[in-house]
Amino acid sequence: MKKNSDSSLLENIAEDKIAFELQKHDLLVAKPKSDRKGTDLLVFAEMADGVKFCRIQSKGRSLEHSDRSSVQIQVDYVTDGFLCFLYLYYSENLDELYLFLPEDIRQWKENKKGKYVLNFAKSNAREKLSSFLFDANKAQLIKTQISLAETHGEFQKMIYGMLTSTRSIAKIKFDITTN
């Protein structure tokens, strides 16, 4: 990859790699039209009424031309239905995909700006991140995470994000009846 290549290129490659790997494990992936509450992708185990899903934040980083990098995630994004994937490009012949569950992310350092931060260096990244390497076992963990997801809570987070961004454009009225 070129030294000064556009970071959006790396982010797009990361999303494509994540979607490809998840689909190999019979998981369904959707791409929202815009980012809400850190949601770059949605992952589903199946499509049915009352569908459950997890939100994915995708991170793409390269250590090819730099000695260190980091990942930052807003603290309020991290719920039980939130996952973070890190696509790490080491060189033309080596790239890896890592999965961080909510409990993993909550172990990262929290900075004064309300973000969890994971720092890593070229010299130790593969060793430091080895237990988070995405594989078939991690895919099964995602399926379990989806089955445990509180549908209402994750859906509410997605809708709340959309409503707050359009609040100034239109006044919305909802009439909800329950049985």
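Contact here means heavy atoms within 4.5 Å. Keep that cut-off in mind as we walk through what is a predicted model, where local features need pLDDT of at least 70, side-chain atom pairs count only at pLDDT 80 or more, and totals for chains, interfaces and linings use all residues. Residues are numbered from 1 along each chain as its sequence is written, and side-chain values use heavy atoms, with hydrogens and water left out.

Let's start with confidence. The pLDDT is the predictor's confidence in each residue, from 0 to 100. Its mean over the protein chain is 85, with 79% of the residues at 70 or more. Between residues 154 and 175, though, the pLDDT is below 50, and this stretch has 21 contacts in the model beyond near neighbours in sequence. Helices (H or I, at least four residues) and strands (E, at least two) are DSSP runs, numbered from the N terminus. Among these elements, helix H5 (residues 151–166) has the lowest mean pLDDT, 46, while strand E8 (residues 115–121) has the highest, 98.

Now the overall layout. The protein chain holds five helices and eight strands, and along the sequence they come in the pattern α-β-β-β-β-β-β-α-β-β-α-α-α. For burial, the convention is that buried means under 20% relative accessible area, exposed over 50% and partly exposed in between (1.4 Å probe, protein chains only). On that scale, 39% of the 179 residues are buried. Take the contacts between residues at least 6 apart in sequence: 62% of them join residues at least 24 apart.

Next, the strands. Two strands pair if DSSP finds at least two bridges between them. E2 and E3 are antiparallel and share four bridges, and Leu41 sits opposite Ile56 in E3. E3 and E5, by contrast, run parallel and are joined by eight bridges; here Ser62 has Tyr89 in E5 as its bridge partner.

There is also an open sheet of three strands, in the order E4-E8-E7 with antiparallel pairing. Its edge strands are E4 (68–74) and E7 (109–110), each of which pairs on one side only. Seven bridges hold the antiparallel pair E4 and E8, and Gln74 faces Lys115 in E8.

What does helix H4 look like? It spans residues 136–148, so to speak 13 residues, and reaches 19 Å from its first C-alpha to its last, close to the 18 Å expected at 1.5 Å a residue. That expected span is 1.5 Å times one less than the number of residues.

Which residues of H4 are buried? They are Lys138, Ala139, Ile142, Gln145 and Ile146. These residues are on the same side of H4 because they cover an arc of only 115° around the axis, the arc being that of the directions from the helix axis to the C-beta atoms. On the other side of H4, Asn137 and Leu148 are exposed. The cover over the buried residues includes helix H1 (7–24), strands E2 (41–44), E3 (53–62), E5 (82–91) and E6 (94–100), and helix H2 (102–105).

Zoom in on Ala139, which lies in H4. Its relative accessibility is 1%, so Ala139 counts as buried. Leaving out residues up to four places away in sequence, Ala139 touches His25, Leu27 and Phe134. Ala139 and Glu21 are 118 residues apart in sequence, yet their C-alpha atoms are 8.8 Å apart in space.

Finally, two backbone angles to check in the loops. Asp26 is not a glycine, but its phi is positive, near 60°. Asp26 sits in the loop between H1 and strand E1 (28–30), and with a relative accessible area of 62% it is exposed. Lys37 is another non-glycine residue with a positive phi, about 50°. Lys37 belongs to the loop between E1 and E2, and at 25% relative accessibility Lys37 counts as partly exposed.
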